[in-house]
Amino acid sequence: MSELVTLTHRDGVAVITIENPPVNALSPGVPEGIIAHVETAGADPAVQSIVIIGGGRTFIAGADIREFGKMTSGARPRLSLTPGLLKIEDCPKPVVMAIHGTAFGGGLEVAMSGHYRVAVASAQVGQPECKLGIIPGAAGTQRLPRLAGVAKAIEMCAYGEPIKAADALASGIIDKIVDGELLEGAIAFAKAQSSIRKTRDLSDKLAVEPGVFDAARKEAKKTRRGQLAPIAAIDAVEAATTMNFADGCAKEAELFQKCLFADQSKSLIHAFFGERAVAKIPGIEKDTPMYDIKSAAVIGAGTMGGGIAMNYANAGIPVIIKETTQEALDKGMAIIAKNYSNSVKKGRFPQDVMDKRMALITPQLTYDGFEKADIIVEAVFEGMALKKEIFGALDKIAKPDCILASNTSTLSIDEIASATSRPEMVIGHHFFSPANVMRLLEIVKGAKTSKSVIATSMQLAKKLNKVGVLAGNCRGFIGNRMVEPYGREAVFLAEEGAPPEQIDGALYEWGMAMGPLAMGDLAGLDVGWRIRKEYAHLRDPKLRYAKISDMLCELGRYGQKTGAGWYKYDENRRPMPDPLVAELIEKAAAESGVTRRTITNEEIIERTIYALANEGARILEEGFALRAVDIDIVYLMGYGFPAWRGGPMFYADTVGLKKVYDRICEFEKQHGEFWTPAPLLEQLAETGSSFKEWDKQKEAAGASA
């Protein structure tokens with residue numbers, strides 16, 4: 001306790017400092033230390049008031065999230081912070097909370113238990129627990145509406161977005177913004193206080209307009225589709241308006257416990273730690289030499305190339321963007337300018353930021369300046385011959401220590417690298433569309449890619465505000481290799497009798513950002529068509545092949561960009577079912593001898609999602625993904641998989657691998673060898689294990705990159 005929390009004195013003011021770097025999380029010992037020192041100071045006749053402040057860079061960033069996993073696993077009981085915070089609130093001396101950095105989650109709950117709160121202008125406060133599938137559990141839903149009003153409490157507890165100090169001051173959450181040094185300002189404020197403000201006695205902000213909670217639940221169900229925590233948070237805030245403080249806290253505790261032990265919370269916590277786990281590459285040591293990326297070049301100014309160039313400009317890295325024709329170059333630059341202009345209109349950043357970013361992008365038709373680039377990214381369409389031609393040219397132009405990256409989504413990095421004399425410098429940087437928005441960067445290592453190039457790529461991902469996931473070099477890598485059976489089953493289901501809108505609707509309601517057929521229309525059906533033609537010679541003619549997607553492309557129906565694909569689209573790109581597609585599907589089914597039938601939404605979910613998990617298991621056992629969590633992060637960040645289901649591998653764990661395996665065996669009997677269970681899935685199912693446990697065993701065994 002003496003190390004985590006300290007007590008000093010300044011002219012009648014007790015100063016309690018939290019020293020639990022890096023973010024002063026409420027790890028075991030921290031809350032106990034704060035409360036013990038408050039009680040000591042409260043009983044000291046020489047102390048007139050108390051200041052609680054965070055040492056280092058922040059106040060209290062929140063709870064130690066690892067503790068939640070210990071609670072749900074039974075490793076430790078849930079210890080409520082609420083009784084301890086009541087001791088702070090009941091202290092006979094005024095307690096002033098001094099906030100810098102962040103006061104999030106349990107940190108804000110600690111702050112609200114004090115009688116006053118002061119903060120520096122750069123501070124932020126928030127209740128982000130819903131992003132982990134839980135709600136505030138230490139009276140946050142009870143104190144916040146008493147300070148800030150019901151509407152603000154709903155907004156902060158149900159949606160989890162932080163607010164800045166100025167907003168917190170206007171809302172009544174803090175009492176003063178301190179100019180200058182925080183501790184000095186807090187001590188001066190504490191000396192000036194003669195009365196104690198008890199937050200639970202405030203009721204003036206609890207007046208509620210009729211229907212406010214019903215409206216809030218309706219909005220949360222719409223914008224936080226399928227999630228439990230936002231609704232539970234609204235229920236808890238409502239309890240503050242209908243119950244006394246103690247009963248409201250009991251209701252909050254009940255709802256917190258329900259959320260904590262639900263699969264959604266476990267899934268979101270898995271995703272939280274997973275995003276950090278994927279940055280750790282076994283075999284790539286921290287002292288691995290890295291290249292300094294100060295300039296970049298991109299080949300291709302289309303949708304992907306333009307978005308990639310924006311990423312570099314956003315990170316402050318000058319970038320050349322090259323096209324083959326002036327028309328294509330002008331079109332690409334116009335789209336970039338429009339994207340930035342839309343951000344300015346929406347208030348995301350001012351005009352001068354747009355101007356600076358546009359100035360960092362140099363459009364041209366030649367390779368001039370490419371010889372100085374630290375990294376060159378190829379972003380042309382998926383054709384091996386063209387990519388090898390480009391890399392052969394780059395090999396002659398680029399400096400020896402320039403990283404040569406391909407944005408290919410399926411093609412072999414090794415074959416692309418074979419066009420150069422430096423395969424160790426070649427790597428895949430697979431961005432996801434729209435590249436300036438989507439957070440995933442799939443980093444694909446070839447057989448000869450150097451550790452320095454891999455390490456630099458992982459570091460660069462962070463600089464570009466991406467989550468980098470390392471993948472091995474197989475067809476489609478992680479994401480698109482798995483999306484192939486996912487999409488295949490969707491097309492088969494359409495052929496067997498499920499209308500496209502039922503397939504997409506079932507998966508949307510299940511939690512996906514969009515269904516697989518709608519996703520194809522958004523990405524462009526011609527992309528998959530080109531890939532299928534590229535690999536047509538490898539297709540086994542004995543296996544079932546649904547021709548519907550090819551038939552749509554042959555009619556020029558490439559999706560949203562042509563106004564028609566699986567659906568028809570109006571001028572606002574709103575989809576509508578198309579009778580022509582229904583006719584094509586029936587024709588394809590008749591030609592293939594498929595008997596059409598009524599299909600349930602449950603079968604749609606199982607056949608698409610279990611196909612993902614089965615293929616993911618193959619990728620794991622073949623070593624093309626380091627861990628199951630890497631696969632989950634790819635799907636959460638790049639494919640619209642609902643984070644509250646944890647990713648395809650974690651979701652399979654929550655269902656139970658034995659249940660998933662048994663269902664896949666049933667599908668194999670019904671639909672043939674496409675559904676042969678992956679050996680790893682069979683092994684884990686039969687031993688009662690899980691993908692998460694497999695990850696732990698691999699980590700313990702010291703797997704290498």
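1. Helices H28 and H29. Leu657, Lys658, Val660, Tyr661 and Ile664 in H28 meet Leu681, Glu682, Leu684, Ala685 and Glu686 in H29, where contact means heavy atoms within 4.5 Å. H28 spans residues 657-671 and H29 residues 679-686; their axes come within 8 Å and cross at roughly 130°. Helices (H or I, at least four residues) and strands (E, at least two) are DSSP runs, numbered from the N terminus. Axes are lines fitted to C-alpha atoms, for helices over the stretch in contact, with angles from 0 to 180 degrees between N-to-C directions. H28 and H29 are therefore oblique to each other; angles under 35 degrees count as roughly parallel, over 145 as roughly antiparallel, 65 to 115 as roughly perpendicular and the rest as oblique. The crossing of H28 and H29 is left-handed, a term for a near helix turned anticlockwise from the far one by less than a right angle, clockwise being right-handed.

2. Basis of the description. This is a predicted model, in which local features need pLDDT of at least 70 and side-chain atom pairs count only at pLDDT 80 or more, while totals for chains, interfaces and linings use all residues. Residues are numbered from 1 along each chain as its sequence is written, and side-chain values use heavy atoms, with hydrogens and water left out.

3. Helices H19 and H26. The axes of H19 (residues 479-496) and H26 come within 10 Å and cross at roughly 75°. That angle makes H19 roughly perpendicular to H26. On the H19 side, Gly479, Met482 and Val483 meet Ile631, Val634 and Tyr635 of H26.

4. Aromatic pairs. Rings of Phe, Tyr and Trp (its six-membered ring) pair if their centres lie within 6.5 Å; planes under 30 degrees apart count as stacked, over 60 as edge-to-face and the rest as tilted. By this rule the count comes to 12 aromatic pairs. In one of them, the rings of Tyr340 and Phe349 have centres 6.2 Å apart and planes at 65°, so the pair is edge-to-face. Tyr340 counts as buried at 1% relative accessibility, and Phe349 is buried with a relative accessible area of 15%; buried means under 20% relative accessible area, exposed over 50%, and partly exposed in between (1.4 Å probe, protein chains only).

5. Phe432 and Tyr639. These two residues form an edge-to-face aromatic pair, 5.3 Å centre to centre, with 75° between the planes. The pair links distant parts of the chain, 207 residues apart: Phe432 lies in the loop between strand S15 (426-431) and strand S16 (440-445), and Tyr639 in the loop between helix H26 (628-638) and helix H27 (648-655). Both Phe432 and Tyr639 are buried. Ring pairs link Phe432, Tyr635 and Tyr639 into a cluster.

6. Cis peptide bonds. The loop between S15 and S16 also holds Pro434, and the peptide bond from Ser433 to Pro434 is cis, with omega near -5°. A cis bond also runs from Pro21 to Pro22, with omega near 10°. Pro22 lies in the loop between strand S2 (13-18) and helix H1 (30-43).

7. Positive phi angles. Asn24, in the loop between S2 and H1, has a positive phi of about 55° although it is not a glycine. Asn24 is buried, with a relative accessible area of 2%. Arg573 has a positive phi of about 60°, and it is not a glycine either. Arg573 is found in the loop between strand S18 (568-569) and strand S19 (575-576) and is partly exposed, with a relative accessible area of 46%.

8. Charges over rings. A charge sits over a ring if NZ of Lys or CZ of Arg is within 6 Å of the ring centre and within 35 degrees of the ring normal. Arg225 lies over the face of Tyr508, at 3.5 Å from the ring centre. The charged end of Arg539 sits over the ring of Tyr545, 3.9 Å from its centre. Tyr545 is in the loop between helix H22 (525-534) and helix H23 (548-554) and counts as partly exposed at 24% relative accessibility. Leaving aside neighbours within four places in sequence, Tyr545 is in contact with Phe492, Arg532, Arg539 and Asp550.

9. Met156. This residue is in helix H6 (residues 150-159) and is buried, with a relative accessible area of 0%. Apart from neighbours within four places in sequence, Met156 is in contact with Leu108, Val125, Gly126, Gln127, Leu144, Glu161, Ile163 and Ile173. The C-alpha atoms of Met156 and Pro230, 74 residues apart along the chain, are separated by 10.0 Å.
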